[in-house]
Structures are given as C-alpha cells and as structure tokens.
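Let's read this model together, one feature at a time. Have the sequence and the 3D view at hand as we talk.

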Amino acid sequence: MDATTGAHQDGTAGDRPDTAADIAAAWERERPGTPVSSIGIVTPLWQLAKLFGDDRRRALADAGLDAATLDLLSVLRRGGPPYTLSTRELGRRSLVTAGAISQRVARAEREGLVERRPGAGRPRTVQVSLTPAGHELVESTVDRVLGREAELIGGLGPEQQRLLTALLGALLADVQRRLGDDGVSHVGHE
C-alpha cells in the first residue's frame, strides 16, 4: 500500500480508498514505532491539492485559459491601476523564475492580453501592462474560479474557515522556515 495515496501494492484500490487513519494504522501495525503523526495532516493536504488543482484546471480550460496565464493576469490586476509591473516584480509576486515570467508574458502578449514596453530609468527593465482584453478576461475568470473554490469549501462554516486559514498559514510559515524555502509556487503552475 502506498503511504501517500493509499493504493494497494497490486494497483487496486479495493472497495474504497484508504483514509489517512487507515494508512497510519497500517504503518503502526507493520512497523511499530514508525512516526505516523504527519499522515493525518499531510495525506489530506495532498489529496485536497490534487482535487482543487484538477477542478481549477477544468474551470480554466472551460474559459480557454491556463493556470500560468491566469496567475500573470491576476498579479497585474491585483497590483491596481495602472495594472503595470516590471517583469522582476511579476516574478517576485508569482514566485517563479525570470525565464518562466518571460514565457508567460510572451504567450499572453501573443494573445493580446498584455503589452510589454521598456521601463524608465534602467536599460534592461521591462514593464508589462494589462490590455483591455486581458483586464476583461481576468475579471470574468477570477469570479468563476474563486466562486467555485468558495463553493468547494462551503462545507466548513465561517469560523471553521477562519481557523483552518490560520492553522494552514502557521504550518506553511513553519515548514518554509524549516526548509529555508519561501518560494512556494501555486498548485498547477510551472
């Protein structure tokens, strides 16, 4: 049985997928003393990341958009008027490399969603701006994606959502500190 997915060694899922509790109990039975306290947290996080990522990709495909382009347009839109940022700032806010930003900008520019122009002051600075078409697309898509995700977490009440937000934020910050890595990308992005 795979420790993260719960699949049996022969590739079958059995009658139902193993829960995190099933996986932890199996490890405790098979290898007493194995540290299993993380399984009840990490396994559902992996499963949720896959479910949310797959659902987001379907919603974006329906809108004719990919996750990387939505991220680029969203970063520009959240930046506020005039919806213009340098490629360096886009990379910092998107948590991706300069090369990835360059590819995203080139693709979005070909699609008429952004415009590039030289920045003032520094010779190699490039400014990227939303076009009216990019602005319109991000407006309609963000509502669709965030509305769908709000629907998916709707099984938790407002207080549960606030508590989970705080706990996940604390866990993320601590894991980033322990790993020395604050460059976490978004699920489904390159």
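Q: At what angle do the axes of helix α3 and helix α4 cross?
A: Axes are lines fitted to C-alpha atoms, for helices over the stretch in contact, and angles run from 0 to 180 degrees between N-to-C directions. Helices (H or I, at least four residues) and strands (E, at least two) are DSSP runs, numbered from the N terminus. Here the axes of α3 (residues 67–78) and α4 (residues 87–94) cross at roughly 110° and come within 10 Å. The two helices are therefore roughly perpendicular, given that angles of 65 to 115 degrees count as such, under 35 as roughly parallel, over 145 as roughly antiparallel and the rest as oblique. This is a predicted model: local features need pLDDT of at least 70, side-chain atom pairs count only at pLDDT 80 or more, and totals for chains, interfaces and linings use all residues. Residues are numbered from 1 along each chain as its sequence is written, and side-chain values use heavy atoms, with hydrogens and water left out.

Q: Which residues in α3 and α4 meet?
A: Contact means heavy atoms within 4.5 Å. Asp-71, Leu-72, Val-75 and Leu-76 come from α3, and they meet Leu-90, Arg-93 and Ser-94 in α4. The contact has four nonpolar, one polar and two charged residues; Ala, Val, Leu, Ile, Met, Phe, Trp, Tyr, Cys and Pro count as nonpolar, Asp, Glu, Lys and Arg as charged, and the others, Gly among them, as polar.

Q: How far apart are the axes of α4 and α5?
A: They are 9 Å apart, and the helices pack at an angle of about 110°. That makes α4 roughly perpendicular to α5. On the α4 side the contact uses Thr-87, Leu-90, Gly-91 and Ser-94, and on the α5 side Ile-101, Arg-104 and Val-105. By class, that is three nonpolar, three polar and one charged.

Q: In what order do the strands form the sheet?
A: Strands of a sheet pair through backbone hydrogen bonds, either parallel or antiparallel. Two strands pair if DSSP finds at least two bridges between them. In this model, three strands form an open sheet ordered β1-β3-β2, with antiparallel pairing. β1 (84–86) and β2 (114–118) are the edge strands, each pairing on one side only. From one strand to the next, the twist averages 25°. Five bridges link β2 to β3 (residues 126–130), and Arg-117 stands opposite Gln-127 in β3. Helix α5 (residues 98–110) lies across β2 and β3, at about 120° to β2.

Q: Where is Pro-82 found?
A: Look in the loop between α3 and β1. A cis peptide bond, with omega about 10°, joins Pro-81 and Pro-82. Tyr-83 is in the loop between α3 and β1 too, and its phi is near 60°, a positive value in a residue other than glycine.

Q: Which residues line the largest cavity?
A: On a 1 Å grid over the protein atoms alone, a cavity is a set of points where a 1.4 Å probe fits but cannot get out, and a pocket is an open set with protein on both sides within 12 Å along at least five of seven lines; lining residues have an atom within 4 Å of a point. The lining is Phe-52, Asp-55, Arg-56, Ala-59, Val-145, Arg-148, Glu-149 and Leu-152. Both α2 (39–62) and α6 (132–152) supply at least two residues of that lining.
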